[in-house]
Amino acid sequence: MPAKRAPIKKAATKAGPLKSPAVKVVAKPASVPAPERQRDDLPAIALPLPPAELDAANRAYFDKCLEKIGFVPNVLQAYAFDMAKLSAFAAMYNDLMLAPSGLSKLEREMIAVVVSAVNRCYYCLTAHGAAVRQLSGDPILGEQLVMNYRAARLDPRRRAMLDFAAKLTERPNEVEEDDREALRRVGLSERDIWDVSAVVGFFNMSNRIASATDMRPNEAYHAQARTLPE
């Protein structure tokens with residue numbers, strides 16, 4: 001039989017029951033308030049040009065913007081140092097983008113985004129990317145055009161228009177009759193080809209002004225039309 005183990009005797013101690021080691025409590029530092037977020041759209045441009053007093057026509061135009069979209073686009077604020085330049089810019093924009101044309105408003109906005117993507121224009125990609133999302137009801141299309149229009153599933157007409165817009169922006173000296181003929185084959189008229197070219201030209205100019213002045217898009221554009229339809 002195995003030997004019996006002697007009972008273990010508890011060692012006597014005068015210290016009493018064991019205590020947990022003392023834990024040093026470190027006071028938490030007072031919370032520091034987070035710095036207030038700096039708005040990305042202020043100032044509208046990097047040039048401190050003092051605004052001129054709005055004339056009656058441009059005051060009415062700004063009021064219409066406030067009524068329809070809730071803010072005045074920063075591109076208009078940027079031109080507001082000179083009423084003649086503001087009026088000329090607004091007139092050209094409204095004629096090209098809103099007047100009757102064989103191109104839909106969405107198609108014109110799509111061209112604006114593709115030109116701006118080639119030029120990496122932060123202002124125009126933000127503002128006109130939002131317009132594409134709104135007019136198409138498709139936020140995915142808006143993002144695809146901003147990132148790479150060739151990823152979008154486009155019909156032949158729109159793909160040909162955007163190919164032409166990209167080439168006219170990147171390599172204008174290489175545009176020739178074959179490029180115009182490609183637009184005719186998908187149904188564009190001679191006037192439509194003019195309108196595509198005019199929109200491309202306008203946004204190449206606008207992109208360069210926006211980039212040269214560090215023009216900042218209104219923050220409201222970022223959140224517009226982001227929800228997919230059910």
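User: What is the relative accessible area of Phe81?
Analyst: The structure is a predicted model, in which local features need pLDDT of at least 70, side-chain atom pairs count only at pLDDT 80 or more, and totals for chains, interfaces and linings use all residues. Residues are numbered from 1 along each chain as its sequence is written, and side-chain values use heavy atoms, with hydrogens and water left out. A residue is buried under 20% relative accessible area, exposed over 50% and partly exposed in between, with a 1.4 Å probe and protein chains only. Phe81 counts as partly exposed, because its relative accessible area is 31%.

User: Where in the chain is Phe81 found?
Analyst: Helices (H or I, at least four residues) and strands (E, at least two) are DSSP runs, numbered from the N terminus. Phe81 is found in the loop between α2 (74–79) and α3 (83–98).

User: How much accessible area do Leu47, Leu49 and Phe81 have together?
Analyst: Patches take residues with over 30% relative accessible area and no salt bridge, joining like charges within 9 Å and nonpolar side chains (Val, Leu, Ile, Met, Phe, Trp, Tyr) within 5 Å. Accessible areas come from the Shrake-Rupley method with a 1.4 Å probe, and for residues only the protein chains shown count as cover. Leu47, Leu49 and Phe81 form a nonpolar surface patch, and their accessible area together is about 230 Å².

User: How many helices does the chain have?
Analyst: From the N terminus on, the elements run α-α-α-α-α-α-α-α-α-α. The chain has zero strands, and its helices number 10.

User: How many residues are in the largest nonpolar core?
Analyst: A nonpolar core is a set of buried Ala, Val, Leu, Ile, Met, Phe, Trp, Tyr and Cys residues joined through side-chain atoms within 4.5 Å. In the largest one, the residues with the most contacts inside it include Leu76, Tyr123 and Phe203, and its residues number 54. Among the helices that each supply at least two residues of this core are α1 (56–69), α5 (122–136) and α9 (190–212). The count asked for, the residues of the largest nonpolar core, is 54.

User: Which residues beyond its sequence neighbours is Tyr123 in contact with?
Analyst: Contact means heavy atoms within 4.5 Å. Neighbours within four places in sequence are left aside. The partners of Tyr123 are then Pro73, Asn74, Val75, Ala210, Met215, Arg216, Pro217, Asn218 and Tyr221.

User: How many salt bridges are counted?
Analyst: Side chains of opposite charge can pair when their charged atoms come close. A salt bridge needs a side-chain nitrogen of Lys or Arg within 4 Å of a carboxyl oxygen of Asp or Glu. One network of salt bridges links Glu177, Arg180, Glu181, Arg184 and Glu190. By this rule the count comes to 18.

User: Are Lys167 and Asp179 buried or exposed?
Analyst: Their side chains meet in a salt bridge, N to O 3.1 Å. The pair links distant parts of the chain, with Lys167 in helix α7 and Asp179 in helix α8 (residues 177–185), 12 residues apart. Both Lys167 and Asp179 are buried.

User: What is omega for the peptide bond that joins Leu42 and Pro43?
Analyst: Most residues other than glycine have a negative phi, and most peptide bonds are trans. Pro43 is found in the segment before α1. The bond that joins Leu42 and Pro43 is cis, with omega about -5°.

User: What is phi of Asp214?
Analyst: Asp214 is found in the loop between α9 and α10 (220–223), and is partly exposed at 36% relative accessible area. Its phi is positive in a residue other than glycine, near 55°.
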